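Morning, everyone. Let me put the model up, and then we'll walk through it.

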Amino acid sequence: MAQRRLGEMKPDFEFGWRPAGLGFLAAFLLLLVLLLPQAEANASARLGEFLDRVKASDIDSAADSFGEVEGNPPAAKLLKGGKRVSYGARAISDGGFQSIPKLVFPGGALIGDTAGFLNVPRIKGTHTAMKSGMMAAEAAVDAILSQRELDELTAYPAAFEQSWVKKELSVVRNVVPLVKKFGDFMGSGLAGITMWLEHLGIKVPFTMHHHPDNETLWRKDLVAKIDYPKPDGVLTFDRLSSVFLSNTNHEENQPVHLTLKDPSIPVDYDLPMFDEPAQRYCPAGVYEIVGQEEGNPRFVINAQNCVHCKTCDIKDPTQNITWVVPEGGGGPNYPNM
Ligand SMILES: Cc1cc2nc3c(=O)[nH]c(=O)nc-3n(C[C@H](O)[C@H](O)[C@H](O)COP(=O)(O)OP(=O)(O)OC[C@H]3O[C@@H](n4cnc5c(N)ncnc54)[C@H](O)[C@@H]3O)c2cc1C
Ligand code: SF4
């Protein structure tokens with residue numbers, strides 16, 4: 001899952017550097033002339049943050065470990081004196097090359113992230129989304145011109161096979177499985193080696209596979225509980241105030257867009273087995289277990305807070321949670337992310 005928080009940095013940050021030579025001095029002065037008129041009104045640069053979560057532990061808390069990132073000394077140095085502006089979260093499709101599904105069906109095609117075209121190590125997918133959209137559009141135009149409106153756009157997967165999108169995704173195909181299998185340190189090192197070999201034209205003779213996300217949770221008795229520090233409201237923040245900044249809104253009196261196939265599973269199975277992970281992985285605090293101290297635990301869904309990241313639909317251990325599109329175009333409103 002990826003989370004992003006947008007902040008305005010303290011005003012002197014942009015101009016805090018010093019030019020080293022004459023060329024830099026000229027560039028600096030030019031920048032100053034161009035930017036100074038807006039500097040008072042704008043007064044800041046914007047900073048986005050990204051956290052890609054590949055850990056399997058069910059005790060990890062998405063929003064709280066995001067706070068840890070903000071609280072670490074180099075990040076804190078950058079953020080100090082700034083102002084939190086916006087917050088958002090989204091599940092990213094990190095299956096990549098080996099998870100690409102059949103790209104076409106009668107009357108439609110899968111493009112962009114839906115097809116798994118995100119380049120995960122670069123955290124970039126807009127370029128592949130655009131290119132796949134262009135390839136699908138060209139195939140669609142050809143099909144319409146030859147009166148084949150309702151059959152499959154076979155020219156699109158054929159174009160994908162020849163495209164740089166396929167090549168780019170193939171080069172990084174082992175990165176996520178290696179990091180998941182061998183951890184951040186060793187996994188990243190091995191991933192780097194495979195990427196460089198592939199970049200140099202040396203094909204690595206294996207393709208590692210993924211495991212479904214919902215099957216990778218560790219039981220609660222196998223992991224130590226993490227006591228995250230309380231948010232300080234300066235550098236680290238609680239979930240609900242972050243959700244407020246995502247401008248999330250849902251029309252009232254509509255059918256709930258988050259449902260359980262079996263309402264007993266969260267308390268009867270997930271709670272004893274995994275300490276109900278939805279309490280932690282949901283970045284918006286939608287899911288709560290209440291009444292535990294009184295010996296009467298109940299699972300509560302605050303659907304109106306949902307920021308539509310769709311993690312629960314993917315990560316729930318028994319695939320018990322179903323996310324559907326709410327009525328009335330509700331959800332987060334990210335004007336500046
Ligand atoms: C935190 C973060 C940072 C990123 N940073 C970068 C970056 O710096 N550079 C980069 O290139 N990529 C980045 N990416 C990846 C990039 O955002 C995606 O790869 C890209 O947006 C994929 O484009 P898309 O059109 O396939 O999907 P999306 O941009 O996700 O568009 C899908 C759209 O469909 C809408 N939708 C979904 N369901 C329905 C429905 N049922 N009915 C109607 N509408 C629906 C969604 O609301 C959304 O607007 C980042 C991703 C994240 C999460
Ligand atoms: S309820 Fe599900 S989709 Fe909504 S914010 Fe929480 S994890 Fe994401």
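Start with ligand 1. Strand 1 (2-8) and helix 4 each supply at least two residues of its shell. Helices here are DSSP runs of H or I, at least four residues, strands are runs of E, at least two, and both are numbered from the N terminus. Helix 4 gives the most to that shell, 3 residues.

A word on the source. This is a predicted model: local features need pLDDT of at least 70, side-chain atom pairs count only at pLDDT 80 or more, and totals for chains, interfaces and linings use all residues. Residues are numbered from 1 along each chain as its sequence is written, while chains are lettered from A and ligands numbered from 1 in the order in which they are written.

Back to ligand 1. Around it sit 16 residues, and Gly-112, Lys-124, Gly-125, Thr-126 and Ala-129 come nearest. Near means a C-beta atom, placed from the backbone, within 6 Å. Domain 1 (2-90) and domain 2 (96-164) both contribute to the shell, so ligand 1 lies between them. Those bounds come from an automatic or database domain assignment.

Next, ligand 2. It has 13 residues around it, with Cys-282, Val-286, Cys-306, Cys-309 and Cys-312 the closest.

Now helix 4 again, residues 126-145. Its partner is helix 5, residues 155-162. Which residues of helix 4 meet helix 5? Ser-132, Met-135, Ala-136, Ala-139 and Asp-142 do, against Ala-155, Tyr-156, Ala-159 and Phe-160. Contact means C-beta atoms, placed from the backbone, within 7 Å.

Technical notes
Axes fitted to C-alpha atoms, helices over the stretch in contact; angles between N-to-C directions. Contact = placed C-beta atoms within 7 Å.
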